Amino acid sequence: MDRTPPEGGRDVVVHATGLRKAYGRGRDRVPVLDGVDLTLRRGEVLALLGPNGAGKTTTVRILSTLVAPDAGRATVAGFDLVRDAARVRERISLTGQQVAIDLRQTGRENLWMMARLAHLPRRAARTRADELLEAFGLTAAAGRQVGTYSGGMRRRLDLAAGLVTRPEVMFLDEPTTGLDPRSRQAMWEVVRDVVAQGTSLFLTTQYLEEADQLADRVALIDGGRVAAAGGPAELKRQVGQVRLELELATTDDAGRVAAALGVPVPGGADARTVRVATDGTLAGVRELLAGVERTGVAPRRWDLRTPTLDDVFLALTGHAARTTTRAGTATGEQTRPAEEVAA
Amino acid sequence: MTALATDAVTLAGRGLRLVRRDVDSMITAAVLPVVILLMFTYVFGGALEVGTSYVTYATPGIILLTAGFGAAATAMAVERDMSGGMIDRLRSMPVAAGTVLVGHVVASLVKNLLTTAVVFGVAAAIGFRPTAGPLEWVGAVGVLLLFVHAITWSAVLVGVLVRSPDAASGFTFFVMFLPYVSSAFVPVDTMPTWLRGFAEHQPVTPVIETVRGLLVGGTPGAPQGDALADGALLAVVWCAALAVLFAGASTWAFARRR
């Protein structure tokens with residue numbers, strides 16, 4: 001077997017450079033990927049984070065051999081994506097946005113079928129199906145048709161179906177879109193277990209929190225290009241430091257506190273909130289709070305804020321990602337031309 | 001090659017499980033032809049002069065109608081696979097993904113054997129008396145399977161091409177229509193000349209005539225001897241040609257749809 005020498009080091013399992021893809025013909029031709037470079041190292045989780053239409057799904061479809069790129073090249077699990085597609089397929093698994101299981105087969109039948117299609121012998125296929133049902137908490141439902149499963153159970157089964165062969169690289173395209181918070185948490189647990197067993201994971205998501213929770217490295221994709229990449233902490237550092245936020249009772253109070261701390265007096269709709277950068281240390285924060293105390297004004301609320309990936313996205317792309325915060329409220333929704341382009 | 005065969009067997013097993021559990025379409029495929037059989041026999045049959053008891057004349061055609069209903073379900077099942085996530089997953093695996101189509105075809109053949117048996121049973125209960133010996137039965141079932149095979153591949157092509165379940169089920173109207181404009185329910189020489197041309201030369205007519213000749217040979221309207229042999233040859237050639245055409249087109253379209 002002639003594995004292509006991995007570019008960027010032995011431990012690289014996905015390496016893509018200059019991936020381009022456009023859909024449509026003639027004047028309707030719409031570029032979806034405009035030169036995407038990505039690297040996933042063995043045992044790591046890479047989250048490709050971006051809004052709808054940014055090119056996440058197209059990237060996954062290319063890297064999982066479903067469509068060929070117009071330009072650029074990539075190696076996956078050590079093999080060239082185009083020349084050695086068959087070898088790549090033996091080493092990856094894809095769990096797409098749409099659940100790839102049959103509603104009229106039972107959970108066990110679905111997994112058994114996938115194991116057989118991955119060319120496990122009959123007995124091994126049965127054993128593997130049972131192992132996975134156990135690992136994903138589906139043993140009790142194993143004999144029921146999937147049509148009777150909840151959305152979260154279907155997603156878990158779908159993920160299990162992608163693991164029948166213990167792939168080197170697993171592609172997960174928006175694994176929790178449409179799930180309720182509890183099912184999402186459960187899905188994260190399952191994904192962490194999978195990664196703990198040594199599978200490298202290529203994940204796409206439009207949830208900043210999900211990338212923050214699961215990923216070792218995050219690549220922000222926007223308009224078909226990777227806008228920034230790095231560890232979640234690293235990306236946050238690029239954007240700014242820890243901030244102290246103080247909410248005052250009146251705008252007058254806010255003005256006095258701002259003056260005392262030497263920051264601009266806040267204005268606009270947010271005129272009662274004072275924000276001031278800190279180094280994040282105990283001494284630094286204590287000094288700031290002491291400064292607030294000396295003004296004699298009591299803030300209604302104060303908060304120490306670490307930059308979120310939300311802030312990162314806003315800072316690096318100039319617009320907010322469509323996302324959902326921990327509280328479940330939608331924030332930063334902005335329509336952009338690229339969102340109308342289906343990936 | 002062995003891997004390919006294993007995949008085909010696995011996916012045929014899947015197809016059979018899906019068909020068996022799709023109770024609605026199973027009932028439609030068996031009950032609707034029975035209703036049509038009863039309607040033609042008892043409502044229209046009395047007024048139709050075909051030279052023999054109407055149930056004897058019409059049963060072979062009803063059997064073909066059954067195959068058509070079954071094919072519509074296949075079109076929908078293939079469409080479901082194409083628009084859902086299944087095909088993407090199979091394509092990312094070391095599986096010849098086209099074998100999923102073969103799985104649907106095998107399932108359709110088995111299902112049609114069952115629904116056809118039901119229709120035969122009802123027909124026998126209301127007076128259909130086949131005169132066929134064992135050899136003729138084998139021949140008749142063989143021709144029917146060839147026909148089901150061909151029409152199923154056309155359904156697969158529809159399933160691969162269309163982009164919605166509604167469009168896939170629309171296929172039913174087309175396949176329902178074909179047997180009506182053939183010798184299924186009335187002898188073609190009772191039709192106006194312009195329609196007779198189509199009815200005589202469309203593939204359903206030689207298939208029906210062959211099945212009729214084999215099952216109820218000797219009754220008025222059923223071909224015998226050289227006429228039967230010629231008709232049977234024509235039927236086989238039609239079915240084989242259509243199967244090759246539709247299977248080829250399905251595979252081609254399947255490989256290109258992304």
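This is a predicted model: local features need pLDDT of at least 70, side-chain atom pairs count only at pLDDT 80 or more; totals for chains, interfaces and linings use all residues.
Is A:Gln241 buried, partly exposed or exposed, and what is its relative accessibility?

Residues are numbered from 1 along each chain as its sequence is written, chains are lettered from A and ligands numbered from 1 in the order in which they are written, and side-chain values use heavy atoms, with hydrogens and water left out.

**Figure 1. Chain A and its two domains.** Welcome to chain A, which is divided into domain 1 (12-236) and domain 2 (241-305); such bounds come from an automatic or database domain assignment. The centres of these two domains, taken over C-alpha atoms, are 44 Å apart. The secondary structure of chain A comes to 11 helices and 15 strands, where helices (H or I, at least four residues) and strands (E, at least two) are DSSP runs numbered from the N terminus. Of its 343 residues, 52% count as buried; buried means under 20% relative accessible area, exposed over 50%, and partly exposed in between, using a 1.4 Å probe and protein chains only. Among contacts in chain A (heavy atoms within 4.5 Å) with a separation of 6 or more, 68% join residues 24 or more positions apart.

**Figure 2. A close-up of A:Gln241.** Here is the residue from the opening question: A:Gln241 counts as partly exposed because its relative accessibility is 49%. A:Gln241 sits in the loop between α8 (232-239) and β11 of chain A. Leaving aside neighbours within four places in sequence, A:Gln241 is in contact with A:Ala277, A:Thr278, A:Arg305 and A:Pro307. For a sense of distance, look for A:Thr75: the C-alpha atoms of A:Gln241 and A:Thr75 are separated by 37 Å, and the two residues are 166 residues apart along the chain.

**Figure 3. Salt bridges within chain A.** A salt bridge is a side-chain nitrogen of Lys or Arg within 4 Å of a carboxyl oxygen of Asp or Glu, and a search of the whole structure finds 29 of them over all chains. One of them pairs A:Glu189 with A:Arg192, with the closest N and O atoms 2.9 Å apart. These two residues are separated by about one helical turn because they are three residues apart in helix α6 (residues 181-196) of chain A. A:Glu189 counts as partly exposed at 44% relative accessibility, and A:Arg192 counts as partly exposed at 30%. A:Arg300 counts as exposed, at 54% relative accessibility. Elsewhere, A:Arg42, A:Glu90, A:Arg91 and A:Glu168 are joined into one network by salt bridges that share partners.

**Figure 4. Where chain A meets chain B.** The contact takes 29 residues from chain A and 25 residues from chain B. Together the chains bury about 2,500 Å², 56% of it on carbon and sulfur atoms; buried area is the accessible area (1.4 Å probe) that two parts lose on being put together, summed over both. A:Leu66, A:Arg104 and A:Leu117 supply 27% of the area that chain A buries against chain B, more than any other three residues.

**Figure 5. Salt bridges across the interface.** Between chain A and chain B the rule finds six salt bridges. A:Glu109 forms one with B:Arg21, the closest N and O atoms being 2.6 Å apart. B:Arg17 also forms a salt bridge with A:Glu109, with closest N and O atoms 4.0 Å apart. B:Arg17 is buried, with a relative accessible area of 14%.

**Figure 6. A close-up of B:Thr74.** Our last stop, B:Thr74, lies in helix α3 (residues 54-83) of chain B. B:Thr74 counts as buried because its relative accessibility is 7%. Not counting residues up to four places away in sequence, B:Thr74 touches B:His104, B:Ser108, B:Thr152, B:Ala155 and B:Val156.
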